[in-house]
There are 2 protein chains.
Amino acid sequence: MTLFLIGLGLADENDITLKGLRAVQSCDKVYLESYTSILLVGDFKKRMEALYGKEVILAHRETVELEADDILLNAHNGNVAFLVVGDPLSATTHSDLILRARTFQAPGSDVETPVDVKIIHNASITTALGSSGLAGYNFGQTISVPFWTDDWRPDSWLERIGENSQFGLHTLCLSDIKVREQSIEDMSRMGAEPEANRRGEMIVAGTLGELLSYTEPTAEQLAQDEKDDEDFEEENPTASEKELDQRREVRATQRAIEFWGEPLHTLIVVGSRLHPMEVAYGRSLARPDSRWTQVAEEVYKCMA
Amino acid sequence: MTLFLIGLGLADENDITLKGLRAVQSCDKVYLESYTSILLVGDFKKRMEALYGKEVILAHRETVELEADDILLNAHNGNVAFLVVGDPLSATTHSDLILRARTFQAPGSDVETPVDVKIIHNASITTALGSSGLAGYNFGQTISVPFWTDDWRPDSWLERIGENSQFGLHTLCLSDIKVREQSIEDMSRMGAEPEANRRGEMIVAGTLGELLSYTEPTAEQLAQDEKDDEDFEEENPTASEKELDQRREVRATQRAIEFWGEPLHTLIVVGSRLHPMEVAYGRSLARPDSRWTQVAEEVYKCMA
């Protein structure tokens, strides 16, 4: 039988292709890869199940890495769908699962009975970046920016931006996402409400945090915030420092969302090979107070 | 009303997304952009019309460039679908049409009444290249290799392969396609048969012609070909040199198809940052007599 790797596209359950939907409907088991990207709607699991008429099993990183043999055994015995947000072989590749399928041995058997694999492609961030108005041909290598921890601070992605810049190419910078397994379960079970759980975690990867300075409060806002905190402390004289920290975090997150919009976010570093058509298109998307055109003209010497 | 730019994906009419199909079904006019890429099935126009329940209008380069205002006027008055093989903003961008939509003025009017534009993304060659087993992250800029003519031989794409190679990156080389307008009409009207029309034209772009040397006949084949030609001349003593040339061309095309498979074709120049996983995956796709693994080990020093 067949293991289908099916791209879901980017926004919601209706971005699946007709071919993909028919494949899902032929399957005995339907897994959704839930650790490298997510759809942009909150109750996606329920929506997908309604569309497919099938149960959707959330597959976490551990499931796929540890239980690959179970997934393949299911695909040996019947059709299995492995759904991936975006394209199954683009921003994230699942080559490992495919290679294992090709040399699959059923338990107790000592001969290989390869599992047939079919790929059903879909839009990925690497295609959808065209919506920025920047031309695909002017992009160099795509990079993935990981979260830094105290003792793991990889910076090879910086070098790669440099390589692209040297030839005037744009860089698509994908943010690592960091979704608590529990929180993604909640999101898919309970609908859009618990999205707040992931907001703080996913708004632009940690190493790009300086961009968040755009969302720093103005002096006025700051004064208002301080006054609010004082009022809160007066009303709640036993409030702990932790509670006050939480209030500040909620405010910061709220300001970030007001500025950046809901996640997922993608950063593009614009190269010097910028074309006037790209400037014109970008201008039509820019925020009213954006310096896009000015920077294009003065820094990039590119007139729209 | 709305101008929908809808990606069709890569293979056949069933690669459209549910969202795309619903958009098409809401439209009064449905155009298919027919000059930058084609679906891989012969009778695609008939198949699409059967699926959509609507007439599909083939839009040639001239239509889109000269009649953009008509397309936009239709979209001003009702919903219009502009279908693009692959993704509408990826390998080919239709930014120009979108920018014109944003400043549209109806005939006789002197105020702008922007036409609402919605993009529905889909898989493009830039996502599907994952099927090669090469990792998307290891690709540099994509290049487009044009056909050379006697007096137009651009070679800037060579420089760009060089830029990618300098950093060990792979290069996706897209071939210009050169489809006679008449021949694409025929193809879509009459089904798969007249595909022979486009074979010679589309098998790897002209400037990459040296790759076709792989399809040169062996000494044995050559002797057989010469004998066939002599027999033909004996049976047809009035055969012109042109007829003999045509026989040779048909043979060359046939050999190319036997080696390369049906078009469209894509060339990937593999960079030195090749990863063992990429070698392993590529090996499972390689032709039996391929030197893929040997070259990976000896030239790239990359062991699978």
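Analyst: Buried means under 20% relative accessible area, exposed means over 50%, and partly exposed is in between. Keep in mind that this is a predicted model. With that cut-off, both B:Asp225 and B:Arg251 are buried.

User: What makes B:Asp225 and B:Arg251 a salt bridge?

Analyst: The rule asks for a side-chain nitrogen of Lys or Arg within 4 Å of a carboxyl oxygen of Asp or Glu. The side chains of B:Asp225 and B:Arg251 meet at 3.5 Å, N to O, so the pair passes the 4 Å limit. B:Asp225 sits in helix H10 of chain B and B:Arg251 in helix H11 of chain B, so the bridge ties together parts 26 residues apart in sequence.

User: Why is A:Asp87 called buried?

Analyst: Its relative accessibility is 2%, and the label needs a value under 20%. So A:Asp87 counts as buried. You'll find A:Asp87 in the loop between strand S4 and helix H5 of chain A.

User: How do you know that A:Asp87 and A:His121 make a polar contact?

Analyst: The limit is 3.5 Å between N or O atoms, and the side chains of A:Asp87 and A:His121 are joined at 2.7 Å.

User: Which residues does UniProt list under "binding site"?

Analyst: The unreviewed UniProt entry gives A:Leu10, A:Asp87, A:Ser124 and A:Ile125. They are spread over 116 residues of sequence, yet the largest C-alpha distance among them is 8.8 Å, so they cluster in space.

User: Is A:Ile125 buried, partly exposed or exposed?

Analyst: A:Ile125 is partly exposed, because its relative accessibility is 23% and that label covers values between 20% and 50%. A:Ile125 belongs to helix H6 of chain A.

User: What makes B:Phe44, B:Met48 and B:Tyr52 a group on helix H2 of chain B?

Analyst: These residues of H2 are buried. They cover an arc of only 55° around the axis, so they lie on the same side of H2(B). An α-helix has 3.6 residues a turn, so residues three or four places apart point the same way. On the face of H2(B) turned away from the buried side, B:Lys46 and B:Ala50 are exposed.

User: What is the area that chain B and chain A bury between them?

Analyst: About 4,200 Å², with 57% of it on carbon and sulfur atoms. B:Leu18, B:Tyr137 and B:Tyr281 supply 17% of the area that chain B buries against chain A, more than any other three residues. The contact takes 49 residues from chain B and 49 residues from chain A.

Terms used. Residues are numbered from 1 along each chain as its sequence is written. Chains are lettered from A and ligands numbered from 1 in the order in which they are written. This is a predicted model: local features need pLDDT of at least 70, side-chain atom pairs count only at pLDDT 80 or more; totals for chains, interfaces and linings use all residues. Side-chain values use heavy atoms; hydrogens and water are left out. UniProt positions are given in the numbering used here, feature names are shortened, and annotations may be inferred rather than shown by experiment. Helices (H or I, at least four residues) and strands (E, at least two) are DSSP runs, numbered from the N terminus. Buried means under 20% relative accessible area, exposed over 50%, partly exposed in between (1.4 Å probe, protein chains only). A polar contact is a pair of N or O atoms within 3.5 Å; within protein, one must be able to donate a hydrogen and the other to accept it, and residues adjacent in sequence count only if both atoms are side-chain atoms. The arc is that of the directions from the helix axis to the C-beta atoms. Contact means heavy atoms within 4.5 Å. Buried area is the accessible area (1.4 Å probe) that two parts lose on being put together, summed over both.
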